[in-house]
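Here are some notes to read alongside the structure. Take the points in any order you like.

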Amino acid sequence: MTDVTNEPILRLHAPTPGDLAELLARPDADLLALGDAAPAGGAGGCRLGVVAPNAKRLALARKVVGRGRPWRGRNEVWFSPAPLLADRPGGLAFVFPGLEAEFAPQVDDIAAWLGVAPPERNVATLGTHAASVLGVGRLLDAALRRLGVHPDATAGHSIGEWGAMFAGGILSGPAFDALIGRGHLDELRVPGLEFAALGCGVAPVSEAIAGRPDVVVSHENSTNQTVVCGPAAELAEIVDAFRARGVICQILPFRSGFHTPMLEPYVAPFRDSLLSLDLRPPAMPVWSATTAEPFPVQTGDIGRLCVRHMLEPVRFRGLVEQMHASGIRVFVQAGPGHLGSLIDDTLRDSDHLTIAANSMHRSGLAQLRRLAVALWVEGGQPDFAVLDADAVARPETAVPAETAVPETGSAISAALTRLHQLGTRVPAAADFEALLTDVAESVVAVLEAAGAATGAGRPPVAPLVPIRATDTTLHVSTSTMPYLLDHCLAAQRDGWPDETDRRPVVPATTTIWQMMRAAEQAAPGRTAIGVDDVVLHRWLVAAPAQDIAVRTRPVDVDRVHVTVGDFAEATVLLGGTPELAPPKWRPEPGERTPKLSAADLYEQRWMFHGPGFQAVSACRGVADRSARADLTVPDAPGALLDGVGQVLGLWLIEREERWVAFPIRIARIRFHTAEPSPGTRLECTVRIRDIAPDAVEAEAQLTASGRVVVSISGWHDRRFDGGGRLGDIHRFPQLSTLSERQPGGWWLLADPWRGIAARELSLHKYLGAAERDEYDARPVRDRRGWLLQRVVVKDAVRGWMWDRGAGPLFPAEIVVVDTGTSRCTAVGQHGLHLPDLDIAVAHCGEIAAATVQEQGPTPNIIHIEEAKHAVTPVNDAFTSLVRNPEGLPPRQYLVSWAGGATTDQTPQRGSKESAP
Amino acid sequence: MTTPQASDTAVFDEICAIVWRVLDVEPGDIEITPDDSLTDDLGLESIDLVTIGAMLIEHYGEQVNLAAHLAEMDIDDVIALRIGELADFVTARLADEQLAER
């Protein structure tokens, strides 16, 4: 095995093969003296690359250049008279191999270069073999991107298609890990079935198996290779027959029945785990070998195709032909092995390049070097500096910015200086220098003519700073994060002394901002350009103050997994170059002007946000499935993306009763430029992808001057009821009640909360700190009834006070004190004075009821029982028949009361139905 | 028909011509020696053996059945196959044919 690091590379380009031949006519010594000088220039002309040039290789180079026909890699020489990628944006695909008999990847040095752990290589079982192939593919995908080689499309052979789904954005990293890690791969095996590779096209094979119902074509691999699957004995007969005709055949060492209908009975566990994954729309064409077309965009369709992939033949030949027809010219094999030879076999007469990112014949970095040369020769722009800078990437050494790899420009001038010095001794070198200068000048002239607006020339090469694992502590409090006082879930009276009662919480988007900063600190000098797979487990509350462990763990060279305690986690993508912005969406037809203005949103308390988070500056439009608004970036960290959530909120408010919503998960965020700074005005468009009673999924674009600055997909909010009294109490707890006053003056509350999360939203609006402790101390099964009683009492007391002219009263101002079974009194706290009150309260099933009077001779009484049978009207008692509202079990209750309530309002005698 | 002994060089040259064609290079662009392994040294892929097999049949006739020959070898030997061995195989099959004709 060759294992030479940093082998010299000779790269030359010239307008025509004739000009290039002229350059090569120089003596070998002059050419070798050029060393690694990176040639200047754009993508045009014709190009030559020679790895480790020597006399023999230079002689070959002269020969192939003289002939003017492409030469792609044999004997370390690459030549392309008309580079394949020069005038063809979108012409490069990553192709992921599946299982091959031989699996000898050379990736340890690549893993070290990237600063990640080497992938596992274990071929003990079909499952571990597959996992190893996919793991190596993922590492190479990261290595290629680090080299500045980005795919325009992806594809894969057999299980390699899952690698293509990862690289093309359908599977997230965690989803990919889950797919590999769940261990169902080994179950995908039909006993007794073998595969045989036959050295011919599919037509003669189909003919030969026509009379054999148990044998099927499983892979149409290439022009000259077809794989059949069936019982061993039958395959042996088929193979013998083909060999007799001179066709080379091989029984393959795998037994699985994959890609045949025979697998159907075995596929369930794996299919279920596959379909449970969070599939996303592809970020680029991801080609399916089942259909020989790009994957569909709808995730449901993607799932169905994944199942077909397991049960239908691999049509790799058709796939390659279609990809070529679509404009793909360069196939980068993202793995070791021989997949490229199947592509070459199929595209024998069509201009293309296949190049492996890994080879068993040389070290991983040595092969990447060849790949870089091959791609450069075809007009690609691999980052040679990063490749040479492997020492920079050792994980244990963080590199200060000043040791950054020089820009290409300075590498050129350094080389020209060396050449100039050489010219004083070697006359040919002087000629050569003149020629190079001519070429450089003409290139510069062309590029300048093309206009500086295109950003001609390359961006500076960033040093590859490895990502470190870090463990830090984040102090979360309103003193260190005063802006959180503008993000409190429970409003309280001005001057309220107990901050915990306001429930200041860290917004999800501020947590995302914190995770991006943590990721940047784990790789100083690098910038977060995206965030994937944000999961928000629970609220991060800032009062009382908390110290939260923030951990960063590198995933690969550009990705770091960040956790904020057990509150949130995400994978942050560090630059590199920001991803290209997608085109700006057009407004949805049928858009109307929102009923609410930006000021209404905050003044009418549809949004609870204080000034630090009031991002919406104008509501522009709402439509069936979208909303648009102008945002002005507030000062508070993370407030910009919180504004996106507010625009989603606007859409819900304008349309739906269940408008209270909080983010729980965001699949993908990309910053296409630097993060907009406070004060920047942007337009935000939110599109609804899916809506259900408890959840909404949206995607969003933030744009400035018509260009997309931030794009977001897979934004999942959890929705809560914002209709009626729940909405009122959410917006104005000091003026609203969850309970309803009944004829007769007593108060009734039927459980308004669908689920514990909804209950806890109200809880914090009703209970002060001491009462919350009391709630927490109660057995879980008692909590609902206890809270229903607290709420109904507080509402009854506030109602009693309002009847007597009191102003706004927050529920937490009232503390309920039990004074006996079904009896209590209430006292004011933090400044509220209440008279001595006699309160009766009762609870049964889903309802609670209360009456309030001043202490007097006749005690207040209230009682509830479930009315299980038909109820006869009861006379001479204060009694009501109460039915549960819709959404609760269909029960009815008999509520009876006596006492003070009767003194305030005229009770209705006899039985009466009442629905709260 | 040439004698088996004399055919060695001729067969070797003919095989070189076939390999160059499969590699899509001009004769002599890549030097070939009998010791070169088809895969490691010449960079041929197993799928290329299919083409070589077909060209051998086209050139010499069906008795030179590389497929049948490879079937008798184990996979490591196939991968390590050298040009000289390929030439020996062709020479031997041509000799068998001559014997059969006598």
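Is A:Arg362 buried or exposed? With a relative accessibility of 17%, A:Arg362 counts as buried; buried here means under 20% relative accessible area, exposed over 50%, and partly exposed in between (1.4 Å probe, protein chains only).

1. Some ground rules. This is a predicted model, so local features need pLDDT of at least 70 and side-chain atom pairs count only at pLDDT 80 or more, while totals for chains, interfaces and linings use all residues. Residues are numbered from 1 along each chain as its sequence is written, chains are lettered from A and ligands numbered from 1 in the order in which they are written, and side-chain values use heavy atoms, with hydrogens and water left out.

2. Back to that arginine. A:Arg362 makes a salt bridge with A:Glu76, and their closest N and O atoms are 4.0 Å apart. (A salt bridge is a side-chain nitrogen of Lys or Arg within 4 Å of a carboxyl oxygen of Asp or Glu.) The two partners are 286 residues apart: A:Arg362 sits in the loop between strand 14 (353-356) and helix 14 (364-377) of chain A, and A:Glu76 in the loop between strand 3 (71-72) and strand 4 (77-80) of chain A. Helices (H or I, at least four residues) and strands (E, at least two) are DSSP runs, numbered from the N terminus. A:Glu76 counts as buried too, at 11% relative accessibility.

3. A pair in neighbouring entries of the strand list. A:Glu699 and A:Arg687 form a salt bridge, with 3.2 Å between the closest N and O atoms. A:Glu699 is in strand 24 (residues 695-704) of chain A and A:Arg687 in strand 23 (residues 681-692) of chain A, so this pair ties together parts 12 residues apart in sequence. A:Glu699 is buried at 12% relative accessibility, whereas A:Arg687 is partly exposed at 30%.

4. Now chain B. It has 5 helices and 0 strands. Of its 102 residues, 49% are buried. Chain B exposes about 5,200 Å², with carbon and sulfur atoms supplying 50% of that; accessible areas come from the Shrake-Rupley method with a 1.4 Å probe, and for residues only the protein chains shown count as cover.

5. Where the chains meet. In chain B, 26 residues are in contact (heavy atoms within 4.5 Å) with 25 residues of chain A. The two chains bury about 2,000 Å² between them, 52% of it on carbon and sulfur atoms; buried area is the accessible area (1.4 Å probe) that two parts lose on being put together, summed over both. B:Asp29, B:Ile47 and B:Val50 supply 28% of the area chain B buries against chain A, more than any other three residues.

6. Charges across the interface. How many salt bridges are there between chain B and chain A? The count is 6, and over all chains it comes to 54. One of the pairs between the chains is B:Glu26 with A:Arg69, at 3.2 Å between the closest N and O atoms. Another pair is A:Arg348 with B:Asp48, at 4.0 Å from N to O. A:Arg348 lies in the loop between helix 13 (339-346) and strand 14 of chain A and B:Asp48 in helix 2 (residues 46-60) of chain B, so this pair joins two chains. A:Arg348 is partly exposed, at 37% relative accessible area, while B:Asp48 is buried, at 8%.
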